Amino acid sequence: TMLPLLLLLLLPAAHGTVEHVDYTPSLAKSPMLEGLTTASTFVLEQPRCVFDKYGNADIWLVVALEKTATTFNNSVGPGTPERAFQKFPDSAPAYMTLNATLANYPCPKPAGDITVLRVGSETSCTEDVNRPTCNGPLSGPGPYRVKFLALEGSEPVAETDWSNPIMLRTAKSPNSISTTNGGHGAGMIALTTILSILFAILLAGLVAMLVFWGSDSCGGSSTFSKPEAVTVRRYNTHHVYDQPAARL
Amino acid sequence: MAKSDDCMRILQGLLVFGNVVIGMCGIALTAECIYFVSDPHGVYPLLEATENNDIYAAAWIGIFVGFALFALAILGIIGIIKSDRTLLMVYIILMLITFAFEMASCITAATHRDFLTPNLFLKQMLERYQKTEPINSNDKWMTEGVTKTWDKIMVQNHCCGVLGPSDWQEYTSAFRLTHNDADFPWPRKCCVIDAQGLPINLDGCKLGVPGYYNSDGCYDAISGPVNTYAWGVAWFGFAILCWTFCVLLGTMFYWSGIEY
């Protein structure tokens, strides 16, 4: 019973088997990149030590929307209108880009090297229909799924798993930023209050001074006399108000 | 009585000392406010673009109040030594006017400081940095001021955006209208720049590799000087006013004790 099952599995792959490589493409993990996902680009790990058996193959990156990834047909080649970047996602359900060979992905990865693939970095060919394999910036936030596909000639020979859905950033409008501050700080309130009280006291003092201009201070026991009238002191016993009369 | 005479002498001495301190503080206030108005950190265009530069108005008032305090302190010293009631009355009234102005300056500086939040600078940066279509000449002036100031701040302080480079990703901006996201996730000035003024590694900067771009936000670099200006004017002014209050109360008491 094993043999008929094997035959059943082999029959649909009329053009040869596409080996499934156990590797899931993922966003770059190290180092921490600020621009890991932006509004129109994202950064993947390079598939190092994955396609070692396929020295003659071209390794392509397939980018599809999450909802069209399941219906992806490996046989449709890169460079065709159905796989052109410029037609994605309207008339092309996926596009293929970042063509490389095993020489671009040497194994093992040298320590300290940053090995990443930036999807969306080519801005010069976004409108150029003569460049259907353009690695252009993506126009929507996704979510997208990617996989690597190895082709020998025009025959697919190996593929990886689809990645987890990749969501890009969406930018908000600056009008959504609220600039109303959360009220006044405690320092400012304390400063205002104390200064107001001090100023009020001083004004009250000034008013009191103006009211008593021309007369001695009320209940003044400490009158300050000018240096010339030294003799007055001797008569300064009880009847302060008799002073002018006494001097005469 | 000898005792009251001595009391008055002591009060006279204290008031002269108090006025000397006021005079010196007045000069210090003038110097401090001139320093702030000269804006050594270059943040004035950002405040100007918020259309609310009260901190600078407070600093200008501080310059003139400082001079006034110095002049009035001299008048006060003369009035106290001569024990002239009229002179001291003039001194007290003018001092109260100066007190009111300085009070206004302190409160303005403290209130305006609370107004300058990170969100305010963020919104201003997003709306004005590298804006290409100004509405009128005033708008053009403010836009150029904001752009030049931000470029200078980002390069000198090795920072990017208000809270970080993600400011440019989280929000759309005037910059984003003319610079596409794939080539310019953030402005070039956020990249680490070499001696010629070019990024040392443009791809590293675009990817956001640590070491090739400025990952810190610039809010500290802006709010530091602004805080210094605001608190310098507000709290030093407050301290001077508290001392002046005591001296004025003493002068009023002294005035009331002078025999007419």
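Colleague: Which residues point one way from strand 5 of chain A, and are they buried or exposed?

Modeller: This is a predicted model, where local features need pLDDT of at least 70, side-chain atom pairs count only at pLDDT 80 or more, and totals for chains, interfaces and linings use all residues. Residues are numbered from 1 along each chain as written, and side-chain values use heavy atoms, without hydrogens and water. Strands are DSSP E runs of at least two residues, helices H or I runs of at least four, both numbered from the N terminus. In strand 5 (residues 116–119), Val116(A) and Arg118(A) point one way, Leu117(A) and Val119(A) the other, and all are buried (under 20% relative accessible area, 1.4 Å probe, protein chains only).

Colleague: Which strand pairs with strand 5 of chain A, and in what sense?

Modeller: Pairing takes at least two DSSP bridges. Strand 2 (residues 42–45) of chain A pairs with strand 5 of chain A in the antiparallel sense, over four bridges. One bridge joins Glu45(A) and Val116(A).

Colleague: What area is buried between chain B and chain A?

Modeller: Interface size is often given as the accessible area lost when the parts come together. Summed over both parts with a 1.4 Å probe, that's about 5400 Å² here, 69% of it from carbon and sulfur atoms. Helix 4 of chain B gives the most to chain B's side, with 14 residues. That side divides into 38 nonpolar, 12 polar and 10 charged residues.

Note on methods
Chains are lettered from A and ligands numbered from 1 in the order in which they are written. Buried area is the accessible area (1.4 Å probe) that two parts lose on being put together, summed over both. Ala, Val, Leu, Ile, Met, Phe, Trp, Tyr, Cys and Pro count as nonpolar, Asp, Glu, Lys and Arg as charged, and the others, Gly among them, as polar. Buried means under 20% relative accessible area, exposed over 50%, partly exposed in between (1.4 Å probe, protein chains only).
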